[in-house]
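Subject: Structure for you to look at

Hello,

Here is the structure I said I would pass on. Please open it beside this email and read along.

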Amino acid sequence: MDLHNIREEYSKKTLSKNHCLDNPIKQFEIWLQDAVNAEVPEPTAMNIATIDANGKPSSRVVLLKEVNEQGFIFFTNYNSRKGQAIASNPFVALNFFWPELERQVRIEGQIEKLPAEQSDQYFATRPYTSRIGAWASSQSAVISNKASLLAKASVIAAKYPFNVPRPEHWGGYLITPDYMEFWQGRPSRLHDRICYSKQQSQQQSEWHKARLSP
């Protein structure tokens with residue numbers, strides 16, 4: 001299979017610096033709503049890249065569960081490979097790609113655990129089977145076979161037939177961005193790229209907006 005000639009010509013929309021809001025999180029919310037309205041599959045799917053204690057990068061796709069004025073929130077197992085990397089290096093990068101809209105968003109920033117109460121609140125809204133799964137899975141750990149995982153889930157379900165409490169090893173993270181970039185595909189690979197970088201000014205942070213060469 002020859003990969004050299006696999007390419008798309010992007011031409012659906014343009015992106016100008018003047019048309020981007022001054023706050024990149026607000027701009028992201030507009031683009032996310034566009035993706036939802038366009039019925040893009042998994043519009044909240046985001047790639048999160050981490051760096052472990054040995055300086056090795058790793059990435060995987062998780063689901064965004066909330067975006068607010070502080071940043072971006074997702075939930076996972078704290079003991080997983082990503083959780084261990086985050087514990088050793090609190091800087092991460094996110095990437096959203098919506099090919100149907102020919103758009104991409106890159107985000108860099110610092111990550112921290114959510115307060116336990118906030119994780120409790122979200123955990124209580126999850127489907128029963130997902131709450132059981134959070135207990136049954138020792139995420140990223142080697143297991144002998146699938147049957148052992150299902151057996152563990154059955155034991156947990158028998159223990160918690162109705163109310164399933166949140167395990168301490170499972171909860172949320174907040175990514176506070178200091179860099180965000182919006183990418184809109186354009187013809188001839190002359191893509192539109194608008195970036196925001198957070199800069200300190202008179203003891204408060206301000207977003208600086210600029211256009212980048214593709």
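Predicted model: local features only at pLDDT ≥ 70, side-chain atom pairs only at ≥ 80, totals over all residues.

Residues are numbered from 1 along each chain as its sequence is written, and side-chain values use heavy atoms, with hydrogens and water left out.

Strands. Helices (H or I, at least four residues) and strands (E, at least two) are DSSP runs, numbered from the N terminus; two strands pair if DSSP finds at least two bridges between them. Strand β7 (residues 170-184) pairs with strand β8 (residues 192-201) through six bridges, in the antiparallel sense. Tyr 179 has Ser 197 of β8 as its bridge partner. β8 also runs antiparallel to strand β9 (residues 204-212), joined by nine bridges, with Gln 199 opposite Glu 206 of β9. The hairpin of β8 and β9 has two residues between the strands, and Gln 202 there takes a positive phi near 50 degrees.

Helices. The axes (lines fitted to C-alpha atoms over the stretch in contact, with angles from 0 to 180 degrees between N-to-C directions) of α4 (residues 128-136) and α5 (residues 146-159) come within 9 Å and cross at roughly 115 degrees. Contact means heavy atoms within 4.5 Å; the residues making it include Trp 135 of α4 and Leu 149 of α5.

Annotation. An unreviewed UniProt entry gives residues 32-155 as "domain: Pyridoxamine 5'-phosphate oxidase N-terminal"; such annotations may be inferred rather than shown by experiment. In the model this span is 35% helix and 33% strand.

Regards
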